[in-house]
Number of protein chains: 2
Amino acid sequence: MARVVVDVMPKPEILDPQGKAVLGALPRLGFSGVTDVRQGKRFELEIDGEVTDAVLAEVEKMAETLLSNPVIENYSVHVEDSVTAEAAR
Amino acid sequence: MARVVVDVMPKPEILDPQGKAVLGALPRLGFSGVTDVRQGKRFELEIDGEVTDAVLAEVEKMAETLLSNPVIENYSVHVEDSVTAEAAR
């Protein structure tokens, strides 16, 4: 069992109203020092068996077709934890 | 300028209907090998200045009070990129 993480973030040129709402709320709660906030999604996929290059290619395809909207979002795929995580970097 | 990332995930004992929906859609799209999916949120905070321990403590507080619901969600804070990211591990 291994875990592959897909991070999906709005593209830089796309407005991000959720992030802007968080950014606006921070000073009202007494927080300072944050100049921008972007909010995206994080998917944790539990993979049956080992994470090979073929599996990662499959996850990339999932990210592109199901997990993100490539018109407005970027995604990044990475393996989490232990030895596999180091090897994948 | 540095970037601090806050990952917010539903606690393991909490039902995650969004993740379940993704998990159910994968076989219909011809994907196999994924045994579980959890969906959470990812916040990218741009920090003005250096990321000190004090700043990280502040971000932890943001994560606990604004970015997550500690009753149903876990969060993790980490620094992204470059030298700072290595030092913070």
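**Close-up views of chains A and B**

**Figure 1. A salt bridge joins B:Arg42 to A:Asp7, with 3.0 Å between the closest N and O atoms.** A salt bridge is taken here as a side-chain nitrogen of Lys or Arg within 4 Å of a carboxyl oxygen of Asp or Glu. The model is predicted, with local features requiring pLDDT of at least 70 and side-chain atom pairs counting only at pLDDT 80 or more, whereas totals for chains, interfaces and linings use all residues. Residues are numbered from 1 along each chain as its sequence is written, chains are lettered from A and ligands numbered from 1 in the order in which they are written, and side-chain values use heavy atoms, leaving out hydrogens and water. B:Arg42 also forms a salt bridge with B:Glu80, where the closest N and O atoms are 2.7 Å apart. B:Arg42 belongs to strand 2 of chain B and B:Glu80 to strand 3 of chain B, so this pair ties together parts that are 38 residues apart in sequence. Helices (H or I, at least four residues) and strands (E, at least two) are DSSP runs, numbered from the N terminus. With a relative accessible area of 6%, B:Arg42 is buried. Buried means under 20% relative accessible area, exposed over 50%, and partly exposed in between (1.4 Å probe, protein chains only).

**Figure 2. The interface of chain B and chain A buries about 2800 Å², of which 66% is on carbon and sulfur atoms.** B:Phe31, B:Arg42 and B:Leu66 supply 21% of the area that chain B buries against chain A, more than any other three residues. Buried area is the accessible area (1.4 Å probe) that two parts lose on being put together, summed over both. The contact involves 33 residues from chain B and 33 residues from chain A, contact meaning heavy atoms within 4.5 Å. Two salt bridges are found across this interface. Twelve residue pairs, both at pLDDT 80 or more, are in polar contact across the interface of chain B and chain A. On the side of chain B that touches chain A, at least two residues each come from strand 1 (2–10), helix 1 (17–28), strand 2 (34–47) and helix 2 (53–67) of chain B. Strand 2 of chain B gives the largest share of that side, 14 residues. The residues of this side divide into 15 nonpolar, seven polar and eleven charged. A polar contact is a pair of N or O atoms within 3.5 Å; within protein, one must be able to donate a hydrogen and the other to accept it, and residues adjacent in sequence count only if both atoms are side-chain atoms. Ala, Val, Leu, Ile, Met, Phe, Trp, Tyr, Cys and Pro count as nonpolar, Asp, Glu, Lys and Arg as charged, and the others, Gly among them, as polar.

**Figure 3. Strand 2 of chain A pairs with strand 2 of chain B in the antiparallel sense over 13 bridges.** Two strands pair if DSSP finds at least two bridges between them. Within this pairing, A:Gln39 stands opposite B:Phe43, and A:Arg42 has B:Gly40 as its bridge partner. Strand 2 of chain B also pairs with strand 1 of chain B, in the antiparallel sense, over seven bridges; here B:Val5 stands opposite B:Glu44. Eleven of the 14 residues of strand 2 of chain B are buried, so this strand is largely enclosed by the rest of the structure.

**Figure 4. A:Val34 and A:Glu46 both lie in strand 2 of chain A.** A:Val34 is buried, at 15% relative accessible area. Apart from neighbours within four places in sequence, A:Val34 is in contact with A:Leu23, A:Leu26, B:Leu45, B:Glu46, B:Ile47 and B:Met62. A:Glu46 is likewise buried, with a relative accessible area of 14%. Not counting residues up to four places away in sequence, A:Glu46 touches A:Met1, A:Ala2, A:Arg3, B:Gly33, B:Val34, B:Thr35 and B:Asp36.

**Figure 5. A network of salt bridges links A:Arg3, A:Arg42, A:Glu44, A:Glu46, A:Glu80 and B:Asp7.** In one salt bridge, the side chains of A:Glu44 and A:Arg3 meet at 3.5 Å, N to O. A:Glu44 lies in strand 2 of chain A and A:Arg3 in strand 1 (residues 2–10) of chain A, so the pair ties together parts that are 41 residues apart in sequence. A:Glu44 is buried at 9% relative accessibility, whereas A:Arg3, with a relative accessible area of 25%, is partly exposed.

**Figure 6. B:Glu73 and B:Lys41 form a salt bridge in which the closest N and O atoms are 3.8 Å apart.** B:Glu73 is in strand 3 (residues 73–80) of chain B and B:Lys41 in strand 2 of chain B, so the pair ties together parts that are 32 residues apart in sequence. B:Glu73 is buried, with a relative accessible area of 13%, while B:Lys41 is partly exposed at 27%. Over all chains, the count comes to 16 salt bridges.
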